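Subject: Structure handover

Hello,

Please find the structure below, followed by notes on what was found in it.

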Amino acid sequence: MQLFATPSSPRVFDVPEAARLAARGVPAAATGSDRFDTLVDERMIEVYARAQNPEDPLELRDLWLGRVECELGKHGDRTWQAEKWRSSAVRRQLGAEDVLRSRTTVRFVKELFNWYFRDDLYGTLRDQAEIILSGGSVDEEAWGVPAALKDCIRYALDRDWYGYSDSRGREPSREAVAWYENSRMETAPYSAGNIALTLGGTFAMSSLADFLLHEAKTDAPALCAVPNYPPLVETIARRGAIELVPLASVDGRTSLEPLIAALRPDTPLVMLQTVGNPTGAVVVEGDLERLIDAAGPSTMILLDECHEWLGPLERVSAKRAAANVIRISSLSKNWSAPGLKTGWIVADERLIADYYEYASTTFGGPPSFLYTLIEVLARMERWIIEGVDVLTDAHVGEFEQTYAMNLHGLQKAYDGYRHERHERAEGLTLLRDAAVGGFTHPGMVVTRPRYSINMAVELTGWDDSYLCFRDILRDTGVSVLPGILTFCMSKAVVRVTAARRWDCLDEGIQRVTRYLDQRDLEATLIPAQRIGS
């Protein structure tokens with residue numbers, strides 16, 4: 001059976017002219033903000049101050065939601081939550097550091113995250129959500145997996161390739177990933193021994209936290225940079241002490257100074273997203289090098305690289321190959337496949353060898369029918385980076401003979417893959433730029449993303465991101481993600497995901513901006529009416 005005997009036609013991406021017009025000139029326009037801060041404000045602290053037990057994350061969650069219900073006024077209908085807030089009183093004094101160093105903070109935000117998705121957005125409020133701009137991933141039906149990769153899944157299933165395998169993944173697939181990662185770096189330090197295939201980014205972080213921290217011999221806290229994704233932070237907090245470290249970004253670049261300053265010689269672990277969620281701000285390689293140099297040899301540095309796309313293509317530092325650095329990638333964002341739950345980790349060869357025992361004991365191994373997909377993806381991505389246009393027999397020779405591949409079929413599949421990757425990146429970047437321009441409004445401050453499909457938008461008419469979400473959803477039918485769910489612990493910052501169909505994105509933007517215009521109008525009319533009366 002031959003792989004790519006008849007390659008599928010590449011997907012056609014529809015980016016209407018209206019979207020292109022909306023995006024035109026936006027990157028150079030004076031819109032948005034060059035700075036983003038995530039601080040702990042008094043509103044956050046007040047919840048802890050009022051709690052009977054500030055170490056109970058469910059009580060903190062219910063107090064937060066109860067305050068929202070009270071402030072919704074006639075629109076609030078969860079009286080039991082509202083009563084919790086009304087009956088509470090300030091019981092103690094505390095500060096921002098108490099919040100950042102509390103393990104309960106992580107669980108509290110995760111419980112609020114759970115409530116948002118389970119009980120609100122996809123629960124009792126689902127009928128209100130006509131347009132969802134809070135998903136965090138691409139609209140798979142519009143921007144999904146490249147056709148060549150779908151061919152790989154069909155091929156593997158037809159060959160019945162779904163049996164047991166090496167717990168780190170099949171070696172040719174790991175080798176292909178190593179070559180791909182080498183092509184991104186200043187040096188070529190990796191081989192198959194540095195790679196383990198995983199069940200996606202969140203699972204990889206959870207398994208690594210368990211693997212690395214289950215026998216930690218220090219009381220020092222693990223350091224987690226915020227903003228961040230609550231499931232990733234919670235999985236580390238479950239294994240030991242934790243400290244949240246807020247990072248600011250300026251001009252789309254994240255400063256690591258607070259993280260470097262928080263390091264101790266016995267810090268067991270640092271977890272960092274190389275591109276921030278929701279800001280799209282990137283960690284520059286020089287700062288990352290200084291963090292790696294400042295960390296002790298026993299401090300493991302976990303780099304979540306999953307949002308590292310839709311931005312300038314730059315080689316990454318050789319320091320990422322240090323023995324105490326572990327890099328995590330997945331197909332969820334860059335390749336539009338969050339539901340496939342697959343990806344890889346890159347680490348020191350000795351660590352990967354030890355990880356084999358952990359993987360074989362806890363989950364056996366990754367889905368074997370996806371190995372061909374990962375191998376083809378990694379090889380084609382490497383060829384793109386290397387500037388390869390015309391394949392040769394040497395490229396066919398990178399694959400095993402069992403694929404029965406010929407040059408013509410591989411070239412056609414590669415041409416389609418390259419075309420899709422280019423058109424998809426261009427289209428998603430256009431949509432992101434159009435969204436930045438569309439959210440230019442006196443009541444909004446957009447943090448201009450340098451990478452990713454997400455952006456952070458501050459709405460100046462609120463001081464609570466969850467209350468802002470509830471008001472906007474009720475009055476516009478548009479869902480945004482409250483910033484508190486990414487550890488943005490001040491102001492009404494929300495996350496917007498631009499990777500939707502243009503008609504959906506444009507309609508959502510227009511509804512929100514019209515709503516803000518109406519609020520502004522009402523704010524000016526009400527005082528005037530009072531004077532007239």
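Which residues lie nearest the centre of the second largest pocket? They are Thr 202, Tyr 229, Ser 332, Lys 333 and Lys 341, out of 32 residues that line the second largest pocket.

Before the rest, a note on the source. This is a predicted model, in which local features need pLDDT of at least 70 and side-chain atom pairs count only at pLDDT 80 or more, while totals for chains, interfaces and linings use all residues. Residues are numbered from 1 along each chain as its sequence is written, and side-chain values use heavy atoms, with hydrogens and water left out.

Pockets

The terms come first. On a 1 Å grid over the protein atoms alone, a pocket is an open set of points with protein on both sides within 12 Å along at least five of seven lines, and a cavity is a set of points where a 1.4 Å probe fits but cannot get out; lining residues have an atom within 4 Å of a point. Grid points are joined across faces, edges and corners, and a volume is the space filled by probe spheres set on the points. Helices (H or I, at least four residues) and strands (E, at least two) are DSSP runs, numbered from the N terminus. For residue classes, Ala, Val, Leu, Ile, Met, Phe, Trp, Tyr, Cys and Pro count as nonpolar, Asp, Glu, Lys and Arg as charged, and the others, Gly among them, as polar.

The second largest pocket holds about 550 Å³ of space. Its lining takes two or more residues from each of α6 (103–124), α10 (201–213), α11 (230–237) and β11. With four residues, α10 gives the most to this lining. By class, the lining of the second largest pocket has 15 nonpolar, 13 polar and four charged residues.

The largest pocket contains about 1000 Å³ of space. It is lined by 37 residues, and Glu 308, Trp 309, Gly 311, Pro 312 and Leu 313 are the closest to its centre. At least two lining residues come from each of α9 (171–183), β9 (282–283), β11 (325–330), α15 (371–385) and α17 (407–438). The largest share, six residues, is from α17. The lining of the largest pocket divides into 16 nonpolar, eight polar and 13 charged residues.

Helices beside the pockets

Of the 13 residues in α9, 10 are buried, where buried means under 20% relative accessible area with a 1.4 Å probe and protein chains only. Among them are Pro 172, Arg 174, Tyr 180 and Glu 181. The cover over the buried residues of α9 includes β3 (195–198), β11, β12 (343–346) and α15.

α10 also has 13 residues and reaches 18 Å, close to the expected 18 Å. Its buried residues include Gly 201, Met 205, Leu 208 and Leu 213.

In helix α11 lies Pro 231, which counts as buried because its relative accessibility is 15%. Leaving out residues up to four places away in sequence, Pro 231 touches Lys 110, Phe 113 and Thr 202, a touch or contact being heavy atoms within 4.5 Å.

Nonpolar cores

A nonpolar core is a set of buried Ala, Val, Leu, Ile, Met, Phe, Trp, Tyr and Cys residues joined through side-chain atoms within 4.5 Å. The largest core has 105 residues, of which Ile 236 and Tyr 466 touch the most other members. α6 supplies the largest share of this core, eight residues. Beyond its neighbours within four places in sequence, Ile 236 is in contact with Met 205, Ala 209, Leu 213, Ala 222, Cys 224, Ile 242, Leu 269 and Met 271. A second, separate core of 41 residues includes Leu 3, Ala 148, Leu 370 and Val 388.

Cavities

Four cavities of 30 Å³ or more turn up in a search of the whole structure. The largest cavity has a volume of about 130 Å³. It has 15 lining residues, with Val 226, Pro 227, Leu 247, Thr 254 and Gly 276 nearest its centre. β4 (222–226) and β8 (269–273) each give at least two residues to this lining. Nine of the lining residues are nonpolar, six are polar and none is charged.

The second largest cavity has about 50 Å³ of space. Its lining includes Asp 41, Arg 43, Trp 64 and Lys 491, and by class it has four nonpolar, two polar and five charged residues.

Regards

Note on methods. Buried means under 20% relative accessible area, exposed over 50%, partly exposed in between (1.4 Å probe, protein chains only). The expected span of a helix is 1.5 Å times one less than its number of residues.
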